[in-house]
Amino acid sequence: MIFVDFKEEQSKQIPFPLGMTPPDKINNPERFKSFGLKKSKSEKEDLVLKKATQLAYGTAKSILPSILMLFFSARSLNIFAIMVVSMNISNAIQGIFSVGAFFQEFKKSKKSLWYPKLVYIAVKLALLGFAIYRVYKLGLLPTFKDFESHQLPKYEGLFFGGGFSQ
């Protein structure tokens with residue numbers, strides 16, 4: 001068995017294997033400049049903005065499961081349908097009011113985060129709209145037909161074949 005001792009004087013004689021980097025070149029910052037790994041401040045800020053935008057668009061992935069859950073929960077009024085609708089409404093409202101907490105990790109960025117925040121709020125408003133539509137379809141929203149129908153004037157008349165009379 002052959003043992004190789006990599007001391008300073010011997011390491012200059014033995015070449016490094018292919019694919020291996022000598023230790024003196026590992027910590028050399030000039031090496032990273034050629035690969036473009038050192039980022040400037042503006043590039044870092046652009047990456048932060050891109051990450052915030054991806055996070056905002058990531059919430060849009062919850063739209064389809066929420067819609068499927070809302071529409072396949074039930075066709076009639078029951079406790080499960082009410083729970084699903086109330087969960088979607090509460091999640092959307094909590095998400096709208098917690099935009100600042102959602103983007104808290106990007107507070108240090110000097111870039112404006114109005115676009116990702118706007119996308120996030122739009123997604124939450126869309127989810128809220130679908131939930132309210134489901135409440136309407138379940139018959140829980142007051143409409144003109146059934147709500148305040150007691151305030152409509154009542155006409156009492158007798159029908160005499162040709163019209164109304166009082």
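**View 1. Helices α4 and α8 side by side.** In this predicted model, the axes of α4 and α8 come within 8 Å and cross at roughly 5°; axes here are lines fitted to C-alpha atoms, for helices over the stretch in contact, with angles running from 0 to 180 degrees between N-to-C directions. The two helices are therefore roughly parallel to each other, a label for angles under 35 degrees. Look for Leu49, Ala52, Thr53, Ala56 and Tyr57 of α4, which meet Tyr115, Pro116, Val119 and Tyr120 of α8; contact means heavy atoms within 4.5 Å. These residues divide into eight nonpolar, one polar and no charged (Ala, Val, Leu, Ile, Met, Phe, Trp, Tyr, Cys and Pro count as nonpolar, Asp, Glu, Lys and Arg as charged, and the others, Gly among them, as polar). Helices are DSSP runs (H or I, at least four residues), numbered from the N terminus.

Residues are numbered from 1 along each chain as its sequence is written. Because the model is predicted, local features need pLDDT of at least 70 and side-chain atom pairs count only at pLDDT 80 or more, while totals for chains, interfaces and linings use all residues, and side-chain values use heavy atoms, leaving out hydrogens and water.

View 2. Glu45 is found in α4, which covers residues 41–58. Its side chain makes a polar contact with the side chain of Ser109, at 2.8 Å (a pair of N or O atoms within 3.5 Å, one able to donate a hydrogen and the other to accept it). Leaving aside residues up to four places away in sequence, Glu45 touches Ser109, Lys110 and Lys111.

**View 3. Helix α5 against helix α8.** The axes of α5 (residues 63–73) and α8 (residues 114–138) come within 10 Å and cross at roughly 5°, so this pair too is roughly parallel. Ile63, Ser66, Ile67, Leu70, Phe71 and Ser73 in α5 meet Val123, Leu127, Phe130, Ala131, Tyr133 and Arg134 in α8. The contact residues comprise nine nonpolar, two polar and one charged.

**View 4. The Phe71 and Tyr133 rings.** The structure holds six aromatic pairs, defined by ring centres within 6.5 Å. In Phe71 and Tyr133 the centres are 6.1 Å apart and the planes lie at 55°, so the pair is tilted (stacked is under 30 degrees, edge-to-face over 60, and tilted the rest). Phe71 lies in α5 and Tyr133 in α8, so the pair ties together parts 62 residues apart in sequence.

Terms used: Parallel < 35°, antiparallel > 145°, perpendicular 65-115°, else oblique.
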